[in-house]
Amino acid sequence: MFAFEFMRHAFAATGIVAILSGLVGYFMVLRGESFAGHALSHVGFAGATGALLVGMPPFWGLMGATVLAGVAMGLGGRGTTQGRDVTIGLVLSCMLGCGLLFLHFLTTSATRATALLFGNVLGVDRSMLGWLLVLGVGCVLAMAALSRPLLFASLQPETAEARGVKLRMVSTIFLAIVAVVTAECVQITGVLLVFALMVGPAATAQRLTATPGWGIVLSVLLAIGAGWGGLALSWWTDCPASFWISALSTGFYLAAGVWRFTGRRESIDAA
Amino acid sequence: MSGHDGHGCCGGPPAPASPAMPPVDMAHVTLRIGDRIILSDVGLAVPAGAFVGMLGPNGAGKSSLIRAILGVVPVAAGRISVFGRPVGRGNHDIGYLPQFPARSAPRLDGRSFIAAALHGERWGLPCDWRPGRHRRHDAMEIDRVLDLVGAMHLARRPIDHLSGGERQRLLLAQALLGRPRLLLLDEPLASLDPHRAREVVALVDTIRRQLGIAVLFSTHDLNPLLGVMDRVLYVGRGAARLGTVDEVVTGPVLSALYGMPVEVIRANGRIFVVADGAVQS
């Protein structure tokens, strides 16, 4: 399957996005902000279709909308987005509605909408791959600088605030990074399935290990496993890659639950 | 860290900056949260090395006062200083144990939880991911605080599997990072049974004596602190009274602070505060 350039591009793009999603997703799950990331992708849908409407590349419309929304979410919050699921849910559905409206004016073929909603990893070209890589490296560097105060602020916000961590600033920078990664992830899984790469592997990792270091390593590996595994399965079965990625991601999560359940039973027996 | 008046030179525990500088000094302090007045023109000084129990009716503003000493909540008027310096966030002389939050505990082990707090305010990678000398140095500091609270055996267990008392031990260890000289403990006894509460109080007292630091300990129930605390700070209706238990925990003083007739009953070495017919121990 690597004989085809579009497959090589698809594997490279999925690899880049999986590394980012595993890394950033770990903190999203730790902070209880996975739903916020989901909402960002829906805002991105309105941005992408809006960009198409005015004749701009949809990727940049998507990116602009998610970053704006992420920063707004961070500045509007009190350093955490927990407990705001109603607001986030309403914004989410409103943005999806706006996206639908823009599509209606576009009167383009339905494939464009499907590609945005469910991803089109086989359509990633060389220039898109370049952008994914450049933005990805930027996100990893930003996370390297932010990870320490972010971990502190996520686990012990009261203490972190007392020690001089600016909770709102940390939260805003983090949500901006989440926004960029979400926009990248939409290229692979589409707007509706970003959970599969950004949340599934990270949540699985947190079921399996109790240290952040190993958690992030595991989260990245699982995301790569789901991404590349999904691509390979889609090649062999001729089913959409996004379906397989989401199926694998959910499968990992359930398997980790079973593993932990049996593991705990053993430890009780041993006690 | 700056600010230590370089007396205590080489060796031995660092000498207090100056014996004249109390851990907490408040002068004409007015503290307001929204339109609620927590303190109005209050002056008091916590003596060096003291174990101060902070009491007061629900909503009297015990947590707000602690947050004001941390510099998180600004005072409306007056001045609070900590070891002679004005309050401000990021004061390494203070160790802080926040009220245990309602949010669910993360699935992380105790050691990672404490490691996240070690210089967590700096940019960069978390301290236990850095290579070499720094990492060993940080690991020693984490071992030191775990050992102080007797929580070495909890370090590798996920926090969500620990009991309330075990979590408080870890939070106390976290508060001791960086060798603070003042501990601010916000309701560490909340949701602990009386036996565990006594254990936590005894542990805090042992650490206080061992390190020669001052402790401000807020609580609902003064009985677990009897015989251990050497001062009580009562906060209520904008006023505050600091003194010995015998000076402060009396009918007239508490009646003024609660704003209603209060009776204090002593029986079998315990103290019961009866306000408006309802017993509060």
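Colleague: How many residues of chain B are in contact with chain A?
Modeller: In this predicted model, 26 residues of chain B are in contact with 24 residues of chain A. Contact here has C-beta atoms, placed from the backbone, within 7 Å.

Colleague: Which element gives the most on the chain B side?
Modeller: Helix 2 of chain B (residues 110-117) does, with four residues. Helices are DSSP runs of H or I, at least four residues, and strands are E runs of at least two, numbered from the N terminus.

Colleague: And how does that side divide by class?
Modeller: It has 14 nonpolar, five polar and seven charged residues. Ala, Val, Leu, Ile, Met, Phe, Trp, Tyr, Cys and Pro count as nonpolar, Asp, Glu, Lys and Arg as charged, and the others, Gly among them, as polar.

Colleague: OK, new topic. Which domains is chain B divided into?
Modeller: Domain 1 is 24-100 + 107-241 and domain 2 is 250-281, with bounds from an automatic or database domain assignment. Their C-alpha centres lie 27 Å apart.

Colleague: How many residues does each domain give to the contact?
Modeller: Domain 1 of chain B gives 10 and domain 2 of chain B gives nine. On the domain 1 side, strand 9 (231-236) and strand 10 (239-243) of chain B are the elements that give two or more residues.

Colleague: Anything on numbering and confidence?
Modeller: Residues are numbered from 1 along each chain as its sequence is written, and chains are lettered from A and ligands numbered from 1 in the order written. As the model is predicted, local features need pLDDT of at least 70 and side-chain atom pairs count only at pLDDT 80 or more, while totals for chains, interfaces and linings use all residues.

How values were computed: Contact = placed C-beta atoms within 7 Å.
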